[in-house]
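Biologist: Hi, could you put the model up on the screen? I'd like to walk through it with you.

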Amino acid sequence: MADALLRLESARTGYGPNDVLHGVSLTVREGEIVTLLGGNGAGKTTTLGVLSGIVGLRQGKVVWEGRDISGQATADRLRQGLVLCPEARRIFARLTVEENLIAGTWVRDPKLNKAKLEKTWERFPILGQRRKQLGGTLSGGEQQMLAIARALMGEPKLLMLDEPSLGLAPLIVEQIFRILVEINAAGTPVLLVEQNAHQALKIAHRAYVLATGEIVREGTGSELLASDEVRRAYLGED
Amino acid sequence: MSLPKNIFGARAAILGGLAILTAPFLWTRLDPDFATGFVSLRLVPENGIQFLSVVVPAALVALAIAGLGRLWARYGSSKPLFETASHRLFESPRAMAATFAALAAAGFVMSGKALSLGTFVCIHMMLAIGLNVTIGFTGLLVLGYAAFYATGAYTFAIAAHALPVLPTWAALPLGFTVAAGVGFLVGLPCLRLRGDYLAIVTLGFAEALREILRNLSVTGGDMGLVVPMQARIKAIGPVGQGHASWIAAVGVTLLVALFVHRLYHSRIGRAWIAIREDETAAAMMGIPVVRLKLLAFTVSAGLAGTAGAFFAGFAGFVDPSTATFEQSVLILAMVILGGIGSLPGSILGAALLYLAPTLLRDWFPAISDYRLFFFGCILVAMMLFRPQGLCGSPRHKLELEGAS
């Protein structure tokens, strides 16, 4: 078994008096696509918050490449290649496409490496065409691509994505997921948080199901795709 | 500057209603009789006539400009005339340098009074440009900006008294450093928080500072301080004091504008805009949000201090009125009128808003008491008809026009 790149160990946290996560553990290894499924309020975004350092832990720890990074700030984690592509895209509407990408390099690459932009235009030709356009004028799908491209500018060793399919048409979702598979094939492990279970499980090597702050199931993508429980809860089948 | 399509529509009705409500106050005056306790209403027709003699021609001029703008839009370029002109004049460092050089040269055909007025305009340009760094670029509201203006002015006045050898040019670094330091200390506790705490804190700071200035002996109390002659801007050879001040003012304004232009187009400037757009997302990118907000506010306070110290060296006196709320609002109004986030806008807004009340006072003394009322009307009209300001930032334009 390959060494774990990222390990979350019995994480417990919450907001105010209430706990949201009641001891969540998960692992991502080199080369994997791992999907974290869960309904609204299950604690998916909080889990990513804990991993990226935006949300503090009450118990448990985050282990990155064998070291405990629970106390580290977001910027320090970014510096080590732990990059989050946030929920609802959160691109900068009044920065141009190019400036949005440059914003993603703040920590890793203060003196902008132009070759990285060129690589982005190659991978996302549509963004290249719109490089001087303001982020806010892009369509939803293009904005999601921009958000992913911006995260890639941070040279992730692990790319975490929070619901990249949110609010997008099925065809666009397929396109986005194809991009994720390509990124993974090029050597970057991916931790994908999704509600769109069907698509997400199809591309995942392994998956976890999160419900009310606890991991209730775990298995390979195809195992979960075949499980009655998951089919009922997430795929709308009886 | 296009005319609203529904000139008789809801917006016009609001403005008309405001005008009707305020008209009686212009035509009449309430005279309280303290002996009897009665208040009598006295008609003051000359005020009303003065009012109309300003408003009617002003409305005609506005209509003419709007008409020209329409013609320009139809036959000229798609961009409004006014905006095109001011962007051309101030868009690049080279254009700015040329424009300011022309302004400096124009000083030699200006009268003493015009030169002094022009110098004050330049001081307000520095202030508006400086405030734009926090409000426009970084999206932080500052309501007591005049406090840093006063800090710079008093710093230089007190230093010139303490150190009789202090040269005039020392005003600039001294004003910048001390005001920036004060800004840093004021910003430190409240910039860690989100939301408009900075607005409240700076507002309170300005009010407190004014009271302190009024009550300390080292600041001269209500009378303020006279700046010693040796520290003031003086005549240099054949160039008189008025011309020297004007050229120095234009030069310093250009420096301030170039400095802010460089910052805006740097990595830091882009990060400021990112913070304004979405603070959380910026933090997720690892952008040090608190540090950069503090930097913006410190630079902004420093620029106000530079303007204040220049003012002290030019006017030769400082008094607590530099730190009034009215002064802060005036600078804020300049930034909004010109266009939030736009450097040419700040320059333009400062010129218009400083000149308008002064000219009003000279030409129509009877109604200059109402200049705050006009301010209000202008700001309301701007928010209704042109929220991006006279000369909105290129980002707003880009947003409205889409692909370029």
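Modeller: Here's one for chain B: among contacts between residues at least 6 apart in sequence, 76% join residues at least 24 apart. Contact means C-beta atoms, placed from the backbone, within 7 Å. This is a predicted model, where local features need pLDDT of at least 70 and side-chain atom pairs count only at pLDDT 80 or more, while totals for chains, interfaces and linings use all residues. Residues are numbered from 1 along each chain as its sequence is written, and chains are lettered from A and ligands numbered from 1 in the order in which they are written.

Biologist: How many helices and strands are in chain B?

Modeller: Chain B has 16 helices and four strands. Both are DSSP runs numbered from the N terminus: helices are H or I with at least four residues, strands E with at least two.

Biologist: And how many residues of chain B are in contact with chain A?

Modeller: 20 residues of chain B, facing 23 residues of chain A.

Biologist: Which helix gives the most?

Modeller: Helix 10 of chain B, with five residues. Helix 11 (279-284) and helix 16 (394-401) of chain B are also among the elements giving two or more.

Biologist: Switching to chain A, what does strand 4 pair with?

Modeller: Strand 4 (residues 59-64) of chain A runs antiparallel to strand 1 (residues 4-15) of chain A, joined by five bridges; there, Arg7(A) stands opposite Val63(A). Strand 4 of chain A also pairs antiparallel with strand 5 (residues 67-68) of chain A over two bridges. Pairing takes at least two DSSP bridges between the strands.

Biologist: What's in the turn of that hairpin?

Modeller: Two residues lie between strands 4 and 5 of chain A, and Glu65(A) in the turn has a positive phi of about 50°.

Note on methods. Contact = placed C-beta atoms within 7 Å.
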